[in-house]
Amino acid sequence: MTAQPDSRDRRPRRTARRRVVDTHRRDELSRQAEAIILSEGFTAVTMDELAQRLGCSKATLYSLASTKEQLVLAVTRAFFRDATAEIEQAVQAEPDPRQRIRVYLTGVGTAMRRHSHAFYDDMVGYEPTAQIYRKNSAAAARRVHELIEEGVQTGVFRALNGHFAAQVVAVTIDAVQSGILLERTGLTAGDAFSELGDLLLDGLSSGYHTSEPGATVVRTPRGHVSAPR
């Protein structure tokens, strides 16, 4: 794929009514195109096929992006932007420093369910989208580091190398994204991030939050928890 200059249609609309209709239509087409690309990847999907499946002309499709490459980049950026906003909203609503890390990782797992392995393979195999992915993976590691440091400052986490723990999370995210970790463990993405949250929180715990004496937890291979009677 070769990047082309962005030449979006910037012609003014003739009337306010026309502008509102066009905006709604373009937004809807953008959402539909994003759903197809996230579900099926973008290497094998052509603009002709997209236009046919979206029920629009190629001229209308090109009003969203001047080239297929620009459309793919827009979809990739939108995916990470929307996922980050949703995750941060959930994190900010959680007052417990320990649980904020769990909420963050759960949010990552939820976001990952929105795209397929086909999209992931295409994304990391095409340098412009791979750069977007690397940038966001680095941002995720920094965010986990921040959450760890917040926990250390409040005394619920023990002092340790937060940067190392954050990089472990980043590597795990990549292994889940690629499907390698899921294939080797039989876990779903959601289960994998639940396990990662448990491992991380248990390792970080300062002893401030402890289980009741004698409590025994049994975790099944699918991540379900049960307690002996």
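**Close-up views of a predicted helical chain**

**View 1. Overall confidence and composition of the predicted model.** The protein chain averages a pLDDT of 79, and 78% of the residues score at least 70, where pLDDT is the predictor's confidence in each residue, from 0 to 100. This is a predicted model, in which local features need pLDDT of at least 70 and side-chain atom pairs count only at pLDDT 80 or more, while totals for chains, interfaces and linings use all residues. Residues are numbered from 1 along each chain as its sequence is written, and side-chain values use heavy atoms, with hydrogens and water left out. The secondary structure comes to ten helices and two strands, taken as DSSP runs (H or I of at least four residues for helices, E of at least two for strands) and numbered from the N terminus. From the N terminus on, the order is α-α-α-α-α-α-α-α-α-α-β-β.

**View 2. The regions of highest and lowest confidence.** Confidence is highest in helix α4 (residues 68–92), at a mean of 96, and lowest in strand β2 (residues 225–226), at 42. Over residues 208–229 the pLDDT is below 50, and this stretch has 27 contacts in the model beyond near neighbours in sequence, a contact meaning heavy atoms within 4.5 Å. Where pLDDT is low, the predicted coordinates should not be read in detail.

**View 3. The aromatic pair F42 and F119.** The rings of F42 and F119 form an edge-to-face pair, 6.2 Å centre to centre with 75° between the planes; rings of Phe, Tyr and Trp (its six-membered ring) pair if their centres lie within 6.5 Å, and planes under 30 degrees apart count as stacked, over 60 as edge-to-face and the rest as tilted. Because F42 lies in the loop between α1 (16–40) and α2 (47–54) and F119 in helix α6 (residues 117–125), the pair ties together parts that are 77 residues apart in sequence. Both F42 and F119 are buried, that is, under 20% relative accessible area, with exposed over 50% and partly exposed in between (1.4 Å probe, protein chains only). F42 and F119 also belong to one aromatic cluster with F79, F80, Y120, Y126 and Y133.
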